[in-house]
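Q: Please take a close look at one part of this model. A plain account will do.

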Amino acid sequence: MGYSAFSILGHALTANKHWQAAVGTPQMRTSYDAVIIGGGGHGLATAYYLAQQHGITNVAVLEAGWIGGGNTARNTTIVRSDYLLNSSFRLKDFALGLWADLSRDLNFNLMYEPRGYVDLAHSDGELEHFTLRANAMRLGGADAQILTGDALQERVPELDMASPKRFPIAGALVQEAGGVVRHDAVAWGFARKASQAGIHVFQNCPGTGIKVRDGKLQAIETPKGRIACDKALISVAGASTQVAALAGLELPLNSINVQAFVTEPVKPALDTVVNYNAGYSYVSQTSKGEFVLGGATDGYSSFARRGSFERIEDVLARALQMFPFLSRLRLMRHWSGTADIPMDGNAILGPTPVEGLMINAGWGYAGFKATPAIGHQMAELLATGQMPELLQPFAYERFALGAEQDDAGAGPYPWLH
Amino acid sequence: MLLIPCPFCGLREESEFTYGGPCRDLPAPDGQADAAAWSRALHMGQNPRGPLRELWYHTSGCEAWIEVTRDTDTHEFIQGSQT
Ligand SMILES: Cc1cc2nc3c(=O)[nH]c(=O)nc-3n(C[C@H](O)[C@H](O)[C@H](O)COP(=O)(O)OP(=O)(O)OC[C@H]3O[C@@H](n4cnc5c(N)ncnc54)[C@H](O)[C@@H]3O)c2cc1C
Ligand SMILES: [Zn+2]
């Protein structure tokens with residue numbers, strides 16, 4: 001049944017006893033047309049678009065934990081497309097277009113709020129670089145503005161631009177179409193629609209083996225049994241290295257811890273997303289009133305999903321440079337996710353050396369915004385066997401070919417991306 | 001906060017160090033290794049969930065590059081190696 005004001009009222013009358021589970025508990029088949037390993041936003045979006053765009057529903061999604069337990073619901077929910085490289089920009093801008101209609105398509109309120117993304121520059125040189133980026137975006141057909149001085153202060157009245165700073169604010173790149181999306185709703189919205197279309201979503205069911213013969217995918221093993229298939233997608237974010245290794249595959253990435261925290265809720269004070277670039281600290285306020293804060297990675301290889309105070313202190317210090325009033329708030333919750341960061345900082349997408357086995361990895365701490373675009377494009381790849389044009393620059397082979405897609409220009413040091 | 005065992009200074013806080021990343025076993029620069037071997041050495045096989053051999057630079061200390069083995073799952077330092 002669809003979600004609506006009427007269904008809420010109707011269920012209220014029967015004491016909310018008869019809500020149908022959003023994702024059922026299907027019986028596993030011995031074979032599927034395609035298997036998706038990883039039930040995060042990306043994997044579930046791929047399942048949804050396989051059904052919606054290609055009518056392919058004989059599909060299994062394997063999730064090791066629970067829906068929305070991975071980076072999908074650990075991120076700081078920021079969506080934007082303000083990237084310098086054309087390849088990066090186009091993929092994220094395609095996603096930004098999809099977010100706008102998704103709540104209706106999924107019959108699930110994703111709370112997409114295009115409240116603007118304000119990226120602060122701290123020197124004339126940096127502002128010049130941001131201007132280059134804004135111009136590249138405009139050439140690509142997106143809206144981007146450079147604001148300085150009073151215009152920036154007017155756009156973000158709460159921003160402290162006056163007091164002396166170690167890293168003064170020189171200006172900002174503003175993308176008004178950027179904003180936030182409620183992340184757990186994304187996972188559940190896609191999972192529910194995919195399930196309704198007949199796709200099997202298994203929770204607490206990891207892929208434990210990938211059978212390959214003569215370079216070709218044969219089957220995926222799970223605790224519930226072996227699934228014969230000739231197409232599969234690995235989409236497991238922080239666990240990419242370990243799952244790819246099941247197929248004897250090596251990936252050019254490091255897993256690194258990324259933290260986020262929220263303050264206690266207060267009245268609305270900030271209606272946009274602001275990022276401090278000298279070392280990173282991104283701040284937004286949720287609809288509930290909490291301030292959400294995130295920053296750079298912890299800076300060294302880790303699977304611990306447990307961060308150190310070093311980074312918390314660092315992110316908060318930067319946040320206070322922008323918004324001194326935050327010093328009066330207490331932190332309420334804090335968590336981490338394992339970010340899979342490639343040698344050039346950009347995702348690894350498409351076919352692997354194993355025939356039939358596709359990969360979607362390496363999104364690090366920047367992949368939430370791309371969720372619908374990845375689902376759409378990966379579904380096309382799985383359905384047609386053809387590599388979509390938007391994904392081509394991110395092919396697995398690019399590292400061996402020296403065709404890196406390095407937006408930051410940081411080189412093969414994942415902890416610096 | 002990691003407490004990193006510097007062989008010269010003892011246990012010191014993470015904030016004194018700069019990360020140098022996982023140790024890479026690069027081929028000898030003698031022109032014998034092919035492009036594929038270089039690409040592999042530069043990009044692959046450095047992401048274990050468990051003990052990892054890695055480099056840290058003691059920036060605000062003795063300014064030495066040190067090699068340690070640390071468990072990436074527990075953040076525990078496994079003593080023994082030094083450069
Ligand atoms: C703290 C933090 C902040 C971030 N902030 C942002 C942001 O503001 N904007 C943005 O765009 N991006 C952000 N990101 C990045 C973004 O969250 C990720 O790039 C994105 O969520 C990854 O794709 P996913 O949703 O499919 O991953 P996940 O949700 O992690 O999905 C992968 C799933 O695979 C499962 N899995 C693992 N092993 C197996 C197995 N063997 N078999 C089956 N399943 C398995 C996991 O349990 C997990 O649920 C952030 C990340 C973090 C950690
Ligand atoms: Zn030392």
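How far is the sulfur of B:Cys23 from the closest cysteine sulfur, and in which residue is that sulfur?

A: The model is a predicted one. In it, the sulfur of B:Cys23 lies 15 Å from the closest cysteine sulfur, which belongs to B:Cys6. A disulfide is a covalent bond between the sulfur atoms of two cysteines. The cut-off for a disulfide is 2.5 Å, so the sulfur of B:Cys23 is too far from that of B:Cys6 for a bond. Over all chains, the count of disulfides is zero. B:Cys23 is buried, at 15% relative accessible area, and B:Cys6 is also buried, at 4%.

Next comes the interface. Chain A brings 27 residues to the contact and chain B brings 26 residues. The area buried between the two chains is about 2,200 Å², and carbon and sulfur atoms give 52% of it. On the chain A side, A:Glu250, A:Tyr300 and A:Phe303 supply 29% of the area that chain A buries against chain B, more than any other three residues.

A:Glu250 also takes part in a salt bridge: its side chain meets that of B:Arg40 at 2.9 Å, N to O. The interface of chain A and chain B has one salt bridge by the rule used. Polar contacts between the chains come to 11 residue pairs. Among the elements of chain A that each supply at least two residues to the side touching chain B are α7 (240–245), β13 (253–263) and β16 (291–301). The largest share, four residues, comes from β16(A). By class, that side of chain A has 14 nonpolar, eight polar and five charged residues.

Notes
Residues numbered from 1 in each chain as written. Chains lettered and ligands numbered in written order. Predicted model: local features only at pLDDT ≥ 70, side-chain atom pairs only at ≥ 80, totals over all residues. Heavy atoms only, no water. Contact = heavy atoms within 4.5 Å. Buried area = accessible area lost by both parts, 1.4 Å probe. Salt bridge = Lys/Arg side-chain N within 4 Å of Asp/Glu carboxyl O. Polar contact = N/O pair within 3.5 Å; in protein donor to acceptor, adjacent residues only side chain to side chain. Nonpolar A, V, L, I, M, F, W, Y, C, P; charged D, E, K, R; others polar. Buried < 20%, exposed > 50% of the residue type's maximum accessible area, 1.4 Å probe, protein only.
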